[in-house]
Amino acid sequence: MSVELPVLTAKDFASDQELRWCPRCGDYSILAQMKKVLPTLGIPREKFVFVSGIGCSSRFPYYMNTYGFHGIHGRAPAIASGVKISRPDLQVWVITGDGDSLSIGGNHLMHAIRRNIDLKIVLFNNQIYGLTKGQYSPTSPLGTRTKSTPFGSIDNPLFPLCVAIGSEASFAARAVDVDIKHLTMVLERAAHHSGTAFVEVYQDCNVFNSGAFSYASKKDHKDDNLIYLEHGKPLVFGKNRDKGIRVNEMSRPEIVELGSGISEDDLLFHDERAAEPSLAFLLARMRYPEFPEPVGVFRDVERPVYDQALNAQIEDSIEKNGEGDLETLFHSGETWTVE
Amino acid sequence: MPSTDVAASESTNRKRHESIDTVAIRFCGDSGDGMQLAGTQFTNVSAAFGNDVSTLPDFPAEIRAPAGSLSGVSGFQLSFSSRDIYTPGDRVDTLVAMNPAALRTNLPDLKRGGTLIVNDDAFNKSDLAKAGYDANPLDDAESLAAYDLHRVPMTRLTRDSVDGLGLSQREADRCKNFFALGLVYWLYDRDSKPTEDWVASKFSKNPSIAEANIRALKGGSNYGFSTEAFAVHYRVAPAKLPPGQYRKITGNEAIALGLVTAAKLAGQRLFYAGYPITPASDVLHELARLKHFGVRTFQAEDEIAAMSAAVGAAFAGELAVTASSGPGICLKGEAMGLGVITELPMIIVDVQRGGPSTGLPTKTEQSDLLLAMFGRNGESPVPIVAAATPADCFNMSQEALRIAVEFMTPVIFLSDGYVANGAEPWRIPDLDDLKPIKVKHPTDCDGDSDFLPYERNERLVRPWAVIGTPGMEHRIGGLEKADVTGHVDYSPANHQHMTDTRAAKVAGVADFIPEQDVEGPESGGLLVLSWGGTFGAVRTAVLSAIADGHTVAHAHLRYLNPFPRNLGDMLTRYEQVLIPELNNGQLRLLVRSQYLCDCVGLNKVQGKPFLVSEIADKINELLED
C-alpha cells in the first residue's frame, strides 16, 4: 500500500504571523532555508514540532505553520525531550540561541546530547544577548564591551561545538546564516540523522553585535577564513585553494601552503565518522584569526537513540509480561482476605 | 542459649497469653542495624494476619552516619490493632533498642511500664561514650525502674544461632535484627513463616545467609519462649475491617498505583519525569517497573528538566506527571507557570519534608502549602489536592488527574514524608467501582479555518489537540495569548481577560469536587479543620473527645484549592475552629483570608507527626475556655 503524500512547498510551512525580527536579522535566512528543507523530507506537515526557549531565535516556532511550542529560557531541550519520548514518530526541532542553550540552559543541552535523543537542535550563535538588548553572552570573545561589560568581558567564551562534542554528540555541524546553499545542506543532513543532531549557525545580530562573523560571511574574506569540511577530503582552503591544514608532531593543527614539497596527501583528511571524537574536537577549537574556521559536518556517527531505546524497553516489557493488567497489579505481593 | 526442639519444650513451658486490642512497638538501632527491615517485616506479618496497622519509619538523612552515634539512630514504629486505628501510636508499648544511642534517643517515647528490650552486648564502653553515657544506664536500676527491662545478649546469641554456617563475624552480626524480630514475634504471638519465606526468596542466591537469618529469627523466638524473663505474651486479634481483599501499601506506592490506574481509566498513556529526591524517589522507582503498562519514565538531569519534560509530554497528549519535594518544587516553579499559561494538564506531586532549603530531608512537614498556592510568578492559580493517609494517595492521585484533564490545568498533589513512607492496609478496589476519567482530543477540523487552541467550553476549558494530528497545527507557549486564537497578544484588556479567565476556570473546580464532609456534630462548640497527613492523629483525638461527650467535629480537607464550596458555610456553624498543622499556620492564613474566619492554630515543626495527645490537649484547652 502506498500513501500519496501531498507535495508541500516552503509556502505550506509559513504561518500567518507577522515576522518581528529586526530588519536584516540573520534569523530570516535561517527561517527561509528551514522552510525550503522541510518539504524535501517527505514528512507530512503535522509531524513536525518546533520547540524553542527564550531569545530572539526562540520566536521561530511562531513563524512555522507546524506544531510549535515557545518554551521558557534554556529549557527547550528538556521540553522537546518530553515531546520526543512521547511521540517518537514526530520530527522534533529545537531552536535556541547562545545565551539560551549555553548559559541558562547549558545543563539541558549537555544531557539531551549525551542521551542522543532524536532532536534536531539548531543553535543560533550571535555572541550576544539580543532580546535583552545587548549584554555579552557565553560565546562573546574575551574583552567584548557591552552594557554589562563596559570595560570588556573578563570570562572566557565557550565554543558550542566543543560543548556538543564533549557531550558525546553523534552529529555536530556548523553553518553560516547567509551561506544559503551550505546552510540548507547542513540542515538537511541534520534532519536525516538519527539521534541528536546539533547545528551551530553563525547568525548576525546587526543591531547589537553587527559584523561579529563578517570574516565568515563576506564574499571576499570567507574563502580564506573558512574551511568547508567534506568527508574523506583533505582540509584545503583559500581563494585559490592553495592552503591546507596539517597536523604537526605535537598533534596540533597548522596552516601550510600547498606546493613546494607539500601536497594534499600531507594534509589532514576529514573523517566525520571517526570512532573517536578527537578530530572533531580539534576542528571545533580552530578559531579565526589564528586559523580558518571549519564549517559543515564535523561528526556524524551512529549511537543508540534514547527515545527509541526507551520505547523498545516498553515493547519488550509488554511482550514479556503481557499488557499491564490492573487486577494483577493490585493483587501483587502479599494479600489477605477479610471476611 | 538452647535453640532446640520447640515441640519438646512446649509441654513444660507454661506461659500466659493475654489479649489486648492495640499495641505500638518501635525497633531502633544504628542506621546499619536493619531496623527498617525488621519494622517492615513485622508490619507485613501483622497486616497479613488481619490487624489494622499504621507505621512511622524514622531514619536519618545520612545513609551511614558514624556507627553508634546519636545522629545515626534509625527507628521504625508501628501500631497494630484489633480495631480501626489511624496513627502509629503516641508512645510505644515495647521498645527494642539495639545500642546505647538508640536507647537514649528513644526511651522518652516508651510508655511507663512498657517493655524495654535492649541488646546488652552493645552497651560497651565505646558505644556508651558515643551515646553520651558516663555509666551504663542498664546498671542503674533506678533510672529504668519504670520499665520492664530485658537485657538480652543479642550479639552473642545471634552468633551462637548461626554457628557452623561459615559466616564471618561481621556477617553473623548483621543477622541480629532478625534475632530481635524473632523475639518480638514471640512476644506478640506472630507467625514467623511469612518472614522466613521472604528471607529464603530474598537471599535465594546466598543460601547460607538465608539460613543464618532464619536461624537468628528462630533463635530470638525460642529465647522468648524459653527464658523465665518473659512471663506473658500477647495476642492482638484481627481487626474487623470492611470485608474484601487487602494488601499493605505505602503512600508512595499508592501514588504510583493511582497514577497507573488513572491512565488506564482514561485510556491514555502515563509519562513520568522525575529527579531523585527524598522522600519522593520511590514514586519514580515504582513507576519505572511498570513499563508493560506503557508508562514512560524519564529520570531527568534536574528538577527543572523533569518539569519541562512533563510540559512537553502534556503538549504531546500524554498524562504527564512529575514528583519532587520542597527544594525541587521551588526549581519547578517557572515551568509550572508555563503549564498554567499553556493550559495543559499535568500533575506535580510534592512529597513535603522539613524546610527551608535542604532542611530535614527525611522528616515530615506540611510547610509547602503556600508554596503550592503561590510559588510561581504572576497570577498563577492551580488546583491543589492532598492525601490524608497512605492508601488515600491512591484515590487522590486519580482525583488530581481527573481535575487536570477535565480543566486543562496543572494540579498539585500534596503528600508528605509521613504519608509517603507510612504504610497501612489497603482494601483492593473493584475496578468497576472506580470513577471513569474522560479525555477528549479533538481530531475533526474544518479544513477551511484554523484550529483555535484557546476556544473555550462552558467551563472555560480549552481543547487538548494533540501534536501529530493533521489540520490542527498550532503554536502555544509562555507568552500571553489572545483568547480563542492563541496568537501572541500583550494588549492590556487581553491580559486582564486571560488572567481573570484562568482564575475563574480554577475556581470553577469547586463545582466539580465533592462537598466537604464532617465527622461529628454539624454545628456546635468546636470544629477541628485539618488537611494532609495529620488526618490520623486529628481523627483519633476528635473521636475520643466525642466519646467523652464533647461537641467537637472534624473536617479533613482533601481539596485545598479551590476549597469545597460548602466550607465557608460550615465554618460559621461552630463557635471555634482549630487548625492543627505541621507548619506555622499556612492553612489558617488561607482560611482566614478567604472566609474572614478567626481560627486557632496548633502548630508544630519538629519533623514528626502530631501525637494524638497533643491534639487532644488543645481540644480540651479550647473547650475549657
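Predicted model: local features only at pLDDT ≥ 70, side-chain atom pairs only at ≥ 80, totals over all residues.
**Exercise 1.** Determine how helix 2 of chain B and helix 8 of chain B are oriented, and which residues meet.

*Solution.* 
Step 1. Two packed helices are described by the angle between their axes and the distance between the axes.
Step 2. For helix 2 (residues 35-49) of chain B and helix 8 (residues 193-202) of chain B, the packing angle is about 130 degrees and the axes lie 9 Å apart. Helix 2 of chain B is therefore oblique to helix 8 of chain B.
Step 3. The crossing of helix 2 of chain B with helix 8 of chain B is right-handed.
Step 4. From helix 2 of chain B come Gln41(B), Asn44(B), Val45(B) and Ala48(B), which meet Pro194(B), Thr195(B) and Trp198(B) of helix 8 of chain B. Sorted by class, this contact contains four nonpolar, three polar and no charged residues.

**Exercise 2.** Carry out the analysis for helix 2 of chain A and helix 4 of chain A.

*Solution.* 
Step 1. Helix 2 (residues 76-86) of chain A packs against helix 4 (residues 106-115) of chain A at about 40 degrees, with the axes 7 Å apart.
Step 2. Angles under 35 degrees count as roughly parallel. Helix 2 and helix 4 of chain A are therefore oblique to each other.
Step 3. Pro77(A), Ala78(A) and Ser81(A) in helix 2 of chain A meet His108(A), Leu109(A) and Ala112(A) in helix 4 of chain A. The classes represented are four nonpolar, two polar and no charged residues.

**Exercise 3.** Describe the side of chain B that touches chain A, and state which strands pair between the chains.

*Solution.* 
Step 1. Chain B contributes 55 residues to the contact and chain A contributes 52 residues.
Step 2. Among the elements of chain B that each supply at least two residues to this side are helix 2, strand 9 (244-250), helix 10 (251-266) and helix 13 (326-342). The largest share, nine residues, belongs to helix 12 of chain B.
Step 3. By class, this side of chain B has 30 nonpolar, 15 polar and 10 charged residues.
Step 4. Strand 2 (residues 67-70) of chain A and strand 17 of chain B run parallel and are joined by three bridges. Phe69(A) has Ile476(B), in strand 17 of chain B, as its bridge partner.

**Exercise 4.** Compare the span of helix 10 of chain A with its expected value, and identify the residue that follows the helix.

*Solution.* 
Step 1. Helix 10 (residues 306-321) of chain A has 16 residues.
Step 2. From first C-alpha to last, helix 10 of chain A reaches 22 Å, close to the 22 Å expected at 1.5 Å a residue.
Step 3. Gly322(A) follows helix 10 of chain A and has a positive phi, near 80 degrees.

Key. Residues numbered from 1 in each chain as written. Chains lettered and ligands numbered in written order. Axes fitted to C-alpha atoms, helices over the stretch in contact; angles between N-to-C directions. Helix = DSSP H or I, 4+ residues; strand = E, 2+ residues; numbered from the N terminus. Parallel < 35°, antiparallel > 145°, perpendicular 65-115°, else oblique. Left-handed = near helix turned anticlockwise from the far one by under 90°. Contact = placed C-beta atoms within 7 Å. Nonpolar A, V, L, I, M, F, W, Y, C, P; charged D, E, K, R; others polar. Expected span 1.5 Å × (residues − 1). Pairing = 2+ DSSP bridges.
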